[in-house]
Amino acid sequence: QTITGLEPGVDYNIWVLAFSPAGVGPRSNSLSVRTFPQGPVPRAPADVQMAVVNPTTVRLNWEPPTSLSSPILGFRIFYNPILTNVLNVLEVGPTVTEYRLMDLDPYLSYNTWVLAFTE
């Protein structure tokens, strides 16, 4: 489902609940999201790499995007265990190009991505 009418660059908490003639069911866990800022969005960081440091730690490396329309204020690192509804988000400064994700579950696989932000 698409949610419309949201303001640019604003944090929202979203959850889902079911309802029927019998009543309303419990709501799901909430998911925090931020809408894209107004104006041009920066390009993705380049050459993102991940290396296993030990069973519970991985190291992420990336290069800042080029052809910027606005200064980068930082990077957001997103990671979540595959097949779960858990989304972890970290923010680091604009000069950071390496980060270690620690205390990961060694028995799970993770999706990981990095975004630059200007707002």
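**Entry 1: salt bridges**

I began with the charged pairs, and the structure holds two salt bridges. For my own reference, a salt bridge is a side-chain nitrogen of Lys or Arg within 4 Å of a carboxyl oxygen of Asp or Glu. Before going on, I noted that this is a predicted model, where local features need pLDDT of at least 70 and side-chain atom pairs count only at pLDDT 80 or more, while totals for chains, interfaces and linings use all residues. I also noted that residues are numbered from 1 along each chain as its sequence is written, and that side-chain values use heavy atoms, with hydrogens and water left out.

I looked up R34, whose side chain meets that of D11 in a salt bridge at 2.7 Å, N to O. R34 lies in strand 4 (residues 31–34) and D11 in strand 1 (residues 11–14), so this pair ties together parts that are 23 residues apart in sequence. Strands here are DSSP runs of E with at least two residues, and helices are runs of H or I with at least four, numbered from the N terminus.

Then I turned to R76, which forms a salt bridge with E91, the closest N and O atoms being 2.8 Å apart. R76 lies in strand 7 and E91 in strand 8, so the pair ties together parts that are 15 residues apart in sequence.

Is R76 buried or exposed? I found that R76 counts as buried, at 14% relative accessibility. R34, in turn, is partly exposed, with a relative accessible area of 37%. The words have cut-offs: buried is under 20% relative accessible area, exposed is over 50%, and partly exposed is in between, with a 1.4 Å probe and protein chains only.

Three strands form an open sheet in the order 8-7-10, with antiparallel pairing. Strand 8 and strand 10 (110–117) stand at the edges with a single partner strand each, so one side of each is left without a neighbour in the sheet. The twist averages 20° from one strand to the next; axes are lines fitted to C-alpha atoms (for helices over the stretch in contact), and angles run from 0 to 180 degrees between N-to-C directions.

How many bridges join strand 7 to strand 10? I found eight, and the two strands run antiparallel. Y79 stands opposite T112 in strand 10. Strand 7 and strand 8 pair in the antiparallel sense over five bridges, and the bridge partner of R76 in strand 8 is E91. Two strands count as a pair if DSSP finds at least two bridges between them.

**Entry 2: the hairpin turn**

Strand 7 and strand 8 form a hairpin with six residues between them. L83 is exposed, with a relative accessible area of 86%. L87 sits in the loop between strand 7 (74–81) and strand 8 (88–92) as well, and L87 is partly exposed at 32%.

Next I looked at the open sheet of three strands in the order 5-6-9, where the pairing is antiparallel. Its edge strands are strand 5 and strand 9 (98–101), each pairing on one side only. Four bridges join strand 6 to strand 9, and N61 has E98 as its bridge partner in strand 9. In strand 5 (residues 46–54) I found D47, a residue other than glycine with a positive phi near 50°.

**Entry 3: nonpolar groups**

Which residues make up the largest nonpolar core? There are twelve: V58, L60, W62, I72, F75, I77, Y79, V92, L101, L104, V114 and A116. Strand 6 (57–63), strand 7 and strand 10 each supply at least two residues of this core. Such a core is a set of buried Ala, Val, Leu, Ile, Met, Phe, Trp, Tyr and Cys residues joined through side-chain atoms within 4.5 Å.

On the surface, I found a nonpolar patch formed by L31, L87, V89, W113 and L115, with about 380 Å² of accessible area together. Patch residues have over 30% relative accessible area and no salt bridge; nonpolar side chains (Val, Leu, Ile, Met, Phe, Trp, Tyr) are joined within 5 Å, like charges within 9 Å. The areas come from the Shrake-Rupley method with a 1.4 Å probe, and for residues only the protein chains shown count as cover.
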